[in-house]
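Here are my notes on the model you sent over.

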Amino acid sequence: ALERYASIRDKAACSRDGVTVGMHMNAGLMADLPSLAGSGAEGVGLFRTELQFLVRTKMPRRGELSALYARVLDAAQGKRVVFRTLDIGSDKVLPYMTAQDEPNPAMGWRAIRVGLDKPGIMRMQLQALLRAAAGRPLAVMFPFVAQREEYDAACAEMNKALERERILGHALPEVLEVGAMLETPSLAFAPDKFFRDVGFLSIGGNDLKQFFFAADRENERVRKRYDTLNVSFLSLIEQIVERCAATDTPLSFCGEDAGRPVEALCLAAIGLRCLSMRPASIGPVKNAIMRTDLAELRAVIHAARERGDQSVRPAVVEYLRDNG
Ligand code: PEP
Ligand code: MG
């Protein structure tokens, strides 16, 4: 698949009407890094750090982690890597942590909630990231932020970690970007002040969609009822895009839908300018963007919404069939 798109690998994903969309990849293990060059991705938009914890039998030590993160940054050769702090919960149980018995693990004690309630692991991880990125740029994002206070508390941990590095005389990252994943509907409605203060946002469409429709992403039976191209969901995404534009907040989208050509086109048409996806999707999505007039597609989406369609998919598919 990578070879098929080799001719456009080093080209920008620029649409027919001249809009450039940033193409980034999702990763989680060292083994994913060679795809960065192979796919033509501009960087790693989502590095799921929990994968490296999940494949171990015991809690990694800080030195080990920081060596690992340094190798990730080495392999990225200066391309931006956004490290997402641990997104573990009672469904992604670390072998060395006691499982919680929760009736709704997806809505339970997970991700940043664990990080803030038991800050030991988060502190170690932040320290390891800072150490690994000494003298070079670092981007960190916190998963599953549902309200501002959680982001602020996580930033306070980051500031403490920075202070500790400074006191110990270690070099700091050359630049540090801190942001949050927007994957609960609540955060989409946070005050403007939050949008202005957060370093950047990345929409976690997998979780955002499951909570928006109240449909478990792991449950085929209910998941399939709700289309990502449902007009209500697209309106939510469009509102997030508009709020970020109004507050100058860098925004990306890193859920699985970013890697599906029709969905990716719709996201770009409603204003997303940065997508992060499985490496194998970069070629097909870039190819689709290069063949499409995004302003026209946007008009098709808005017309479908005006008509009262439940999903814009039929109209979009018809348009792409005639104009692709
Ligand atoms: C998401 O929720 O869309 C996301 C990117 O995070 P994960 O799939 O790891 O929950
Ligand atoms: Mg998520």
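**Notes on the model**

1. Let's start with Leu 36. Leaving out residues up to four places away in sequence, Leu 36 touches Met 25, Ala 41, Val 44, Ala 76 and Lys 79; a contact here is two C-beta atoms, placed from the backbone, within 7 Å. Leu 36 sits in helix α1, residues 34–39. Helices (H or I, at least four residues) and strands (E, at least two) are DSSP runs numbered from the N terminus. Leu 36 counts as buried because it has 23 C-beta neighbours inside 10 Å. The cut-offs are 20 or more other C-beta atoms within 10 Å for buried, 12 or fewer for exposed, and partly exposed in between, with C-beta atoms placed from the backbone. Leu 36 and Lys 79 are 43 residues apart along the chain, yet their C-alpha atoms are separated by 8.8 Å.

2. A word on what you are looking at. This is a predicted model, where local features need pLDDT of at least 70, side-chain atom pairs count only at pLDDT 80 or more, and totals for chains, interfaces and linings use all residues. Residues are numbered from 1 along each chain as its sequence is written, while chains are lettered from A and ligands numbered from 1 in the order in which they are written. The chain has a mean pLDDT (the predictor's confidence in each residue, from 0 to 100) of 96, and 99% of its residues reach 70 or more. For the complex, the predictor gives an ipTM of 0.99 and a pTM of 0.97.

3. Next, strand β2. This strand, residues 20–27, is mostly covered, with 6 of its 8 residues buried. Strands count as paired if DSSP finds at least two bridges between them. β2 runs antiparallel to β1 (residues 13–14), joined by 2 bridges, and Cys 14 stands opposite Thr 20. These two strands make a hairpin with 5 residues between them, where Gly 18 in the turn has a positive phi of about 85°. β2 is parallel to β9 (residues 274–277) over 4 bridges, with His 24 partnered by Ser 276. β2 also pairs in the parallel sense with β3 over 3 bridges, and there Asn 26 has Leu 46 as its bridge partner.

4. Leu 46 turns up again at the ligand. Residues around ligand 1 (C-beta atom, placed from the backbone, within 6 Å of it) include Leu 46, Arg 48, Asp 87, Glu 183 and Asp 207. β3 (43–48) and α9 (205–212) each supply at least two residues of this shell, and α9 gives the largest share, 3 residues.

5. What about helix α12? Of its 9 residues (261–269), 7 are buried, so the helix is largely enclosed by the rest of the structure. One of those buried residues is Cys 266. Cys 266 touches Leu 229, Leu 234, Ile 301, Val 312 and Val 316, again not counting residues up to four places away in sequence. Just after α12, Gly 271 takes a positive phi of about 120°.

6. Finally, two loop residues to check. Gln 77 has a positive phi near 45° and lies in the loop between α3 (62–76) and β4 (80–84). Phe 144 has a positive phi near 60° in the loop between β5 (138–142) and α6 (148–167). Buried or exposed? Gln 77 counts as exposed because it has 9 C-beta neighbours inside 10 Å, whereas Phe 144 is buried, with 24 other C-beta atoms within 10 Å.
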